[in-house]
2 protein chains.
Amino acid sequence: MTDFAPAGGDPAGRTLRLLELLAARPSWPAAELAARLEVSTRTVRRDVARLQSLGYAVESRPGPGGHYALRPGHRMPPLVFQDDEVVALVAALRMAEGILAGDAAHRALAKLSQVLPRRLRAVLDTAAAGSENAWGDRESVDPSTLAVLLRAAERDLVLRFGYRDRHGTFSRRRVEAVRCVYARGRWYVLAHDLDAGDWRVFRLDRVREPEAGEPGSGDRGRPAEDLAAWLATDFGRRPGG
Amino acid sequence: MTDFAPAGGDPAGRTLRLLELLAARPSWPAAELAARLEVSTRTVRRDVARLQSLGYAVESRPGPGGHYALRPGHRMPPLVFQDDEVVALVAALRMAEGILAGDAAHRALAKLSQVLPRRLRAVLDTAAAGSENAWGDRESVDPSTLAVLLRAAERDLVLRFGYRDRHGTFSRRRVEAVRCVYARGRWYVLAHDLDAGDWRVFRLDRVREPEAGEPGSGDRGRPAEDLAAWLATDFGRRPGG
DNA sequence: GCGGATGCGGCCGGATCCCGTCCGCGATTG
DNA sequence: CAATCGCGGACGGGATCCGGCCGCATCCGC
C-alpha cells in the first residue's frame, strides 16, 4: 500500500498540482479548481494562500468572471540570453562559489536553466561542466548576511552586528553602512562606526548576525570625495578598526 | 524581509523545496536533504514518495554512496527565486565584473531582472545598488574566449591559441584542454601541451584567439590521481610553461 | 562473502492541521 | 441595485503528519 493516497487527500501534493494547474492555463475560476482537485472552494482558497506565502504571485479577481491567475512574471518566458551572457553567468557563479556560503548561487543557476531554451541550456551545462573553483578554502560569507548588509548600504540604514577582528577579539558594532565592496578576493563593508565616530572597513566574513535598523543620518559625507577612486587605491588600509 | 526559509514546517512548501534541491544538484544523500529541510530522513523518504506519486522521476540508489537524483528532462512547476538566490546572483556578478571583459554579465542580470516579480526585482536592484567592485584593475578575460575554452575542456577538444607568457614572449600552442579553473582570483586552463608533451597551466587572460578543433585522445590520464585535491594544493605552481 | 552504509517501507502514537460548513463582507459587473 | 464571485474568520470532527523504531534489500569495499 502506498502510504499516500493517490495525491487526492494530501495537502502537499494537492498544492503542487494546484501550482501546475495555474501554470498551465492563464486563469481558473475557483469552482473549477475545486472540482479538479476534488476539494471545496474553501480549501482552494487556503491552498492559494499557501502558494502566495511561498512567494508565488497568484492573483485573483472577484466579481462575475472572477478567477485565479499566476502573475506572468512567474510563468517566465524563455529567457533569450546571448551565449556570452550565459557563459558570463556561469563564470560568475564559479568565481563566487569559493566565497558564498551554501549553494544559493547554484540553486539560482539551476532555476535559471529551467527557463532557458534548450540550446542555451546546453551552453550553460557545458560551461558548468568544464569549469571548477579551486579557491574554495576561503572564509565564506552567508548570502543572507550579504543581503542584510547590501540592503543597509543601499538605504543608509543603521546596522548592528557582532564582529571578530583580526586578533580574534569580539565586539558589537553600531554603524551606518555606506557600501559593500568586493576587493582583493573578499567582501568588505564600508561604514561609519557610530561609536568610534569614524570610518571603518569591516570584512564580511567576520560579521555575525547583522541586523538592519532605522535609517541613519545619511548625510555625513564620505571618506573621500571620489569614492570610486578611494576604493580602488586606498581601500582596505584600515581593515576592521 | 528575511524571507529565506519559506514556511519551514509546512509539508507543501517543504516538498517544493525538495524538488528545487533535487533540481539544483545531480544527487543528494538522504541525510543531507533531511538536514536542509530540517526534518528526519523518514520524512524525506515520505516526501520523495510523494513526488514520485505525482509523476516526478526521482531515482534512488541504496548502499554506500547512495543518493536521490531527479532524472532530467522532466517538466517542472515554475520555481520561484528565493531572496538569497537573487542576492547570490548579484554578488556573483560583482565578483566577476573585475575580470570578465565587456558587460555580458550585466546584460544577463538586466534581462533577468525584467522577468522577475516586483519584489524580487527590488531585492536585485537593492543588492546591485549597495555593492561595488573595487578589484577592477585586473587583467580581464573575454567571455567568448572563456566560452571556447570551457567547451573545449568539457569535450576534451584539441585547442589552438596564441599565448603571451610572463616574460612577454609570444607563442602558439596546441593543447588538449582538461579543465578551466578559477583560483586565486584568476582563471586558468589546465591542459596537456601537445608540443611539449607535458601538462601545463595557462592563464586565461594571456590566451589570444583560441580555436577549438577535433576531439583529442582524451585518454591520457590526469596530472594527478585526485584532481580536486591537486587543484586545491599544488595548483598554479607552473603557471604558463 | 561478510560487514557496514544506505535506502525502503511498515507500524505506532501523540500532536498537529486540515477540511467542510456556515457566515458576513467587499469588489466587480451589468 | 442585485447577482456573482472571491475573502477570510470560526468551529469541530477527523484525517494527516512526523519521529522513532523495526526488519529487509541493495550495494560497496575489504
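**Contacts to the DNA strands**

A polar side-chain atom of B:Arg14 and a phosphate oxygen of DNA strand D lie 2.6 Å apart. This is a polar contact (a pair of N or O atoms within 3.5 Å; within protein, one must be able to donate a hydrogen and the other to accept it, and residues adjacent in sequence count only if both atoms are side-chain atoms). The model is predicted: local features need pLDDT of at least 70 and side-chain atom pairs pLDDT 80 or more, while totals for chains, interfaces and linings use all residues. Residues are numbered from 1 along each chain as its sequence is written, chains are lettered from A and ligands numbered from 1 in the order in which they are written, and side-chain values use heavy atoms, with hydrogens and water left out.

B:Thr43 also reaches a phosphate oxygen of DNA strand D, with a polar side-chain atom at 2.4 Å. B:Arg46 instead meets a base nitrogen of DNA strand D, 2.6 Å from an N or O atom of its side chain. In total, 29 residues surround DNA strand D; a residue is near a strand if one of its heavy atoms lies within 4 Å of it. Of the atoms of DNA strand D that come within 4 Å of the protein, 61% belong to sugar and phosphate. The surface near DNA strand D has 11 nonpolar, 9 polar and 9 charged residues, where Ala, Val, Leu, Ile, Met, Phe, Trp, Tyr, Cys and Pro count as nonpolar, Asp, Glu, Lys and Arg as charged, and the others, Gly among them, as polar. α3(B) gives the most to this surface, with 4 residues; helices (H or I, at least four residues) and strands (E, at least two) are DSSP runs, numbered from the N terminus.

Phosphate oxygens of DNA strand C lie 2.5 Å from an N or O atom in the side chain of A:Arg14 and 2.3 Å from one in the side chain of A:Thr43. A:Ser40 has a polar side-chain atom 2.5 Å from a phosphate oxygen of DNA strand C. A:Ser40 belongs to the loop between α2 (30-37) and α3 (41-53) of chain A. Its relative accessibility is 40%, so A:Ser40 counts as partly exposed (buried is under 20% relative accessible area, exposed over 50%, partly exposed in between, with a 1.4 Å probe and protein chains only).

**Aromatic rings**

The whole structure holds 10 aromatic pairs over all chains. Rings of Phe, Tyr and Trp (its six-membered ring) pair if their centres lie within 6.5 Å; planes under 30 degrees apart are stacked, over 60 edge-to-face, the rest tilted. A:Tyr182 and B:Trp135 are edge-to-face, at 5.9 Å centre to centre and 75° between the planes. A:Tyr182 is in strand β5 (residues 170-183) of chain A and B:Trp135 in the loop between β3 (131-133) and α7 (143-155) of chain B, so this pair joins two chains. Both A:Tyr182 and B:Trp135 are buried.

B:Arg138 places its charged end over the ring of B:Trp135, 4.1 Å from the centre (NZ of Lys or CZ of Arg within 6 Å of the ring centre and within 35 degrees of the ring normal).
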